[in-house]
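Visitor: Could we go through this structure together? I would like to begin with the terms.
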Amino acid sequence: CQQQIFHRACHSKESQTEVPSTWLTPEDKALNGSFEQNRGRLPVPITGSYMLGERYGRYNVPGMTNVQLDNKGVNYIGKNGAKARAIFDGEVTAVFKFYNTKGVLIRHGSYISVYCNLASVQVNKGQKVRARDLIGTLAHNEDGKCILHFQLRKETATLNPEKWIGR
């Protein structure tokens, strides 16, 4: 998921997820506090054994001079059949397609978790989810590896997911 995917999915007319704090309901405010209290303890967003791939932030591309990439999230590499799961209670605010895969946005008060590179999705827009609920099955590459691209945001600001997810 690139920045434009998030922008398009979050800011389309069908799915408005940026919520000014003055519009937050008491339930949203309670979710914010509970979400923030769980920083560093949220469940890993992938089932089964996994490895961390590309990490959050700007980095130099190995073997290329003066080429940098800016990863807005973290890539979790799992085995064939791995599934994405919700990291916290929330509401599905978007289910979208990107090329041959799908993505899901879940709002947790002012926080948004983004799950990309899904082969199939088992949630729908507007659905309430709980922590650890299954969201969908990851797509696999030619090596049989499943890579979940996971982002975490507070409204539109990116956050480093590694600081929020427990081990």
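Guide: Buried means under 20% relative accessible area, exposed over 50%, and partly exposed in between (1.4 Å probe, protein chains only). This is a predicted model, in which local features need pLDDT of at least 70, side-chain atom pairs count only at pLDDT 80 or more, and totals for chains, interfaces and linings use all residues. Residues are numbered from 1 along each chain as its sequence is written, and side-chain values use heavy atoms, with hydrogens and water left out.

Visitor: Is Phe35 buried or exposed?
Guide: Phe35 counts as buried, because its relative accessibility is 0%. Phe88, at 9% relative accessibility, counts as buried too.

Visitor: What kind of aromatic pair do Phe35 and Phe88 form?
Guide: Rings of Phe, Tyr and Trp (its six-membered ring) pair if their centres lie within 6.5 Å; planes under 30 degrees apart count as stacked, over 60 as edge-to-face and the rest as tilted. Phe35 and Phe88 are edge-to-face, at 5.1 Å centre to centre with 85° between the planes.

Visitor: And what about Phe35 and Tyr111?
Guide: Their ring centres are 4.5 Å apart and their planes lie at 20°, so this pair is stacked. Phe35, Phe88, Tyr111 and Trp164 form one aromatic cluster.

Visitor: New topic: which residues touch the most other members in the largest nonpolar core?
Guide: A nonpolar core is a set of buried Ala, Val, Leu, Ile, Met, Phe, Trp, Tyr and Cys residues joined through side-chain atoms within 4.5 Å. In the largest one, of 28 residues, they are Ile87, Tyr115, Ile135 and Leu148.
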